[in-house]
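Please take me through this model in a viewer, one selection at a time. I would like to know what to select next and what is there.

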Amino acid sequence: MKDEDKTKAQLIAELREMRRLVSEFEKTEPLLKQAEEALMEEAIRRRILVEQSRDGIVVLDENGKVYEANQRYADLLGYSMEEVLQLHVWDWDTQWTQEQLLEMLRTVNETGDHFETLHRRKDGTCYDVEISTNGAIFGGQKLVFCVCRDITERKQAEEALRQSEERFRAIFEAAQDSIFIKDKALRYTHVNPAMENLFGLPLSELVGKTDDELFGEEAGGQVREEDSKVLEGKIVEEESTKPVNGIPITFHVIKVPMIDNSGQVIGLYGIALDSTERKRAEEALRKAHGELETRVEERTAELIKANEKLKREIEDRKQAEEALKDSELQKGAILDAGVDMMMQYDTDLRILWANKTAAAFVNKTPQDLVGHKCHKIFQGLDSPCPGCPCVKVLETGNSENTIMYQADMDTVGESYWHNYAVPIKDESGKIVTIIEIARNVTKQKQTEEALRESEEKYRTQFEEALDAIFVSEAETGILVDCNHAASVLVGSAKSEIVGKHQRILHPPEEVEGEFSRTYKKHFEEKEGQTLDAQVITKDGEIRDVTIKANIFKIKGRRFLQGIFRDITDWKRAEEEKEELEERFHQAQKLEAIGTLAGGIAHDFNNLLMGIQGIASLMLMKMDSTHPHYERLKNIEKQVESGARLTSHLLGYARKGKYEVKAVDLNQLVEDASETFGRTRKQITIHRELADGLFAVEADSGQIEQVLLNLFVNAADAMSGGGDLFLKTMNVTYTDMRGKVYKPKREDYVMLTVTDTGMGMDKETVERVFDPFFTTKEMSRGTGLGLASVYGIIKGHGGYIEVESKKGEGTTFSIYLPGSERKVEKAVKTAERFIKGTETVLLVDDEDVILEVGRDLLEAMGYRVLIAKDGEEAIEVYKKNLDEIDIVVLDMVMPNMGGGEAYDHIRKINPAIKVLLSSGYSIDGEATEILERGCDGFIQKPFKMKDLSAKVREILGKG
């Protein structure tokens, strides 16, 4: 119907419907927008998830071409995203052909698939991948969505785990010892074949069992107690005996806890070693050793008894042979009744008759033997047996007997026989027949052989024993035997020992009455005890021994066997060890006292420095006519005396070297001894100075102090005069072995100072280097002389020893390291002070030294800046960097010491001049700082001229 044909009412109705529809559309439009925005957000979230996924995601069309992929997948293949979008699935998959892959794509449905394959990267390398796929229709086109995960590391881990499990299983299965695993309920979960063999049960019957079921309730309880410790996290190792199928077996077991990934104990691992045979062998060896001598004695008695019995049997056989001559009837009775083989032969050795015993040995009757030759019927030989007594009877005409070996016989097999052959002669003395009696002595021979082997074994052990063994008659003490070690111990041949009395083995003081003390004790006290004693050698040397003895009997006679072990060298080593330990403790004590002495000397030198400086300043401003001039000079002398005392302390503390250089020890010895000799005319000095003596790195003043102290000490020991011997020589560290110290591997110069004085007792020798220890009267010394000698030599890297006996004089031996440097000549210093105009930074933590030092330097013309410690010195130097020409730096200060301050200042200005100053000597830290480039060192207390000379010397360098 056309619009113009519609009625007004119809048009109004249509208009109303259109308005309603527009109104509804307006209402739904916001909802549509919200849905569209939600879809957009969901698409963005999905894109983010795809791009951020750790797995590769690729979408393929049904022709195998890439439709879409995330960046992770491109990275896995090693392509750019643009390159990936041009690829087909067969460009990277190595497992299937193109046709197979297309078929797989066509068959993928919405439920998808899950499989593993191998992908090839752009560079040609391959990696394992796990793929999840599902299909979908998108825009009328079928697409396949693939999520690809790189599982290379997982595969490698699985392979490593598999190989580890294979190795463990191979070890587990092949082990000769029992290996097992138990769960937390202590039931066996795994056992190896060795354990199956031990219990004689298959795996199925062992797994799940408890120890109560395998060993019984009592032994199982012991095992549970051990296992409970393992479940607490402990490792248990024990050895015990348990019944296995009713047989006691000794196990050596090690058990460790089995721990899961959370650290919880979930069971235990164990390995059991069957040590039953080892324990039995140990027990058998112990019993065999204890029974050896008893068995030898018993077998000897058995041999003697057997020999006596054999003699009687031979005598009996002789009587039987005589009786055979009486009558044929008697002969027949004896033949049949005897236990021995008895036969009669003609001169061709054919059997004329035989008893039943002989015939029985070859399972025949006596009549069967007649007419046959014995060697044929018994041995199957065509000629007589070697050594046949019957053949010898025909040769000698006399009775013969011998022991014969028979390789094989019908009834007894291999055997030994005692054959006795007797000739029967006619009236003219011609042999007409021969009677042979044969007795089976196989057991007797075996017994004799075993006894011989036992005796030979005992004799070998006796002779080859490392300890000396003497055997004597218990009652008389006469020595009847000894081994080689015994001969070596006393230095005498066995022939010189056997037959002598045992007292010849011991020194006379060890002998009481007829026997030695130890010999008596072995009878009077417990047998088998070990006693200490001494033996005397052929050359008169006394050796320390321990003796263990035991008594045994042979044929009713008692003998005493003593085992002597030489412990002389061991005792001497123990005594030497004790002596070395004592000397080491003494050295430790001296070291501790030396540390204290060094600290005292340092502080005392600082005090003296203040006194010396004040005196020097006062003397500068007055002439010799001033009433106080001499008093001030006396103060300086007292300061010098105090400085000498502190030098002794520093010397003892091994901090006494001031100026070290290569010096000639021979020259120092000559000069010092000549000077000393002029003051002690009553002492004759003998010098034996080696040619070509090594130079030594030393402070010549300190070494002179050592020499003079030793000379004075020697003179005090020779108050009425005597001889002083001085000797030098080159030695090596190998010549110094066996000392309490361990010398370095280098050459040394040795000096010995020997006097013929009164000597010292052991107590004095042990304390001779102690500071303040002296045997002189209080007014004659401080006791620091030898203490400083000890410290100075130690400070020079050397060693000193003393040997002395009361009334036999004393020898001091000194060892100093040799030097390859040439000897340096001494240079004299200026006697007056030298002025200057430069700027000096003076650093010291003592106020008095700062004050005095500043006044001294200013009196010399210098401008002076001061600092009280290392930190302040660095700040002052930074502020006055361009003005300061030299730093006079104390070493020992609080907060920051001189060494650290020096390093900081040198970093600021590597060319700065630095003079070290210390109450300690140049040893130790000062030497280390000098080696790092410091310009000089001055010892407190110093005089004004010494300070001026050092400052000018350093400022004049470079």
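The tour goes through cavities, then a surface patch, then salt bridges.

**Cavities**

The model is predicted. Five cavities of 30 Å³ or more turn up in a search of the whole structure. Begin with the largest cavity, whose volume is about 200 Å³. To centre the view on it, select Cys 374, Phe 378, Gln 406, Asn 419 and Glu 436, which are the closest to its centre among the 16 residues that line it.

Next, colour the elements around the largest cavity. Strand E11 (341-345), helix H14 (374-379), strand E13 (400-406), strand E14 (415-425) and strand E15 (431-440) each supply at least two residues of the lining. Which of them gives the most to the lining? It is H14, with four residues. Coloured by class, the lining of the largest cavity shows 11 nonpolar, four polar and one charged residues.

Move on to the second largest cavity, which holds about 160 Å³ of space. Select Phe 180, Tyr 188, Phe 215, Val 253 and Ala 272; of the 17 lining residues, these are the closest to the centre of the second largest cavity.

How many charged residues does the lining of the second largest cavity have? There are six, along with 10 nonpolar residues and one polar residue.

**A surface patch**

Switch to a surface view and select Ile 614, Met 618 and Val 848. These residues form a nonpolar patch on the surface, and together they have about 230 Å² of accessible area. Keep Val 848 selected: it sits in helix H26 (residues 847-859). Val 848 is classed as partly exposed because its relative accessible area is 36%.

**Salt bridges**

Stay on helix H26 and select Asp 847 with Lys 868. They form a salt bridge in which the closest N and O atoms are 3.4 Å apart. Asp 847 belongs to helix H26, whereas Lys 868 is in the loop between strand E31 (863-867) and helix H27 (870-879); 21 residues separate the two. Asp 847 is at 47% relative accessibility and therefore counts as partly exposed. Lys 868, at 42%, also counts as partly exposed.

Select Glu 116 and Lys 155 for another, with an N to O distance of 2.9 Å. Glu 116 lies in strand E3 (residues 113-120) and Lys 155 in helix H5 (residues 152-174), so the pair links distant parts of the chain, 39 residues apart. Are these two ends buried or partly exposed? Glu 116 is partly exposed at 37% relative accessibility, and Lys 155 is partly exposed at 27%.

Then select Glu 838 and Arg 952, whose side chains meet in a salt bridge of 2.9 Å, N to O. This pair links parts of the chain 114 residues apart: Glu 838 is in the loop between strand E29 (810-819) and strand E30 (839-843), and Arg 952 is in helix H30 (residues 944-955). Arg 952 counts as partly exposed, with 22% relative accessibility.

Note on methods. Residues numbered from 1 in each chain as written. Predicted model: local features only at pLDDT ≥ 70, side-chain atom pairs only at ≥ 80, totals over all residues. Heavy atoms only, no water. 1 Å grid on protein atoms, 1.4 Å probe; cavity = no way out; pocket = protein on both sides within 12 Å on 5 of 7 lines; lining within 4 Å. Points joined across faces, edges and corners; volume = space filled by probe spheres on them. Nonpolar A, V, L, I, M, F, W, Y, C, P; charged D, E, K, R; others polar. Patch = residues over 30% accessible without salt bridge, like charges linked within 9 Å, V, L, I, M, F, W, Y side chains within 5 Å. Areas by Shrake-Rupley, 256 points an atom, 1.4 Å probe, with all protein chains shown as cover. Salt bridge = Lys/Arg side-chain N within 4 Å of Asp/Glu carboxyl O. Buried < 20%, exposed > 50% of the residue type's maximum accessible area, 1.4 Å probe, protein only.
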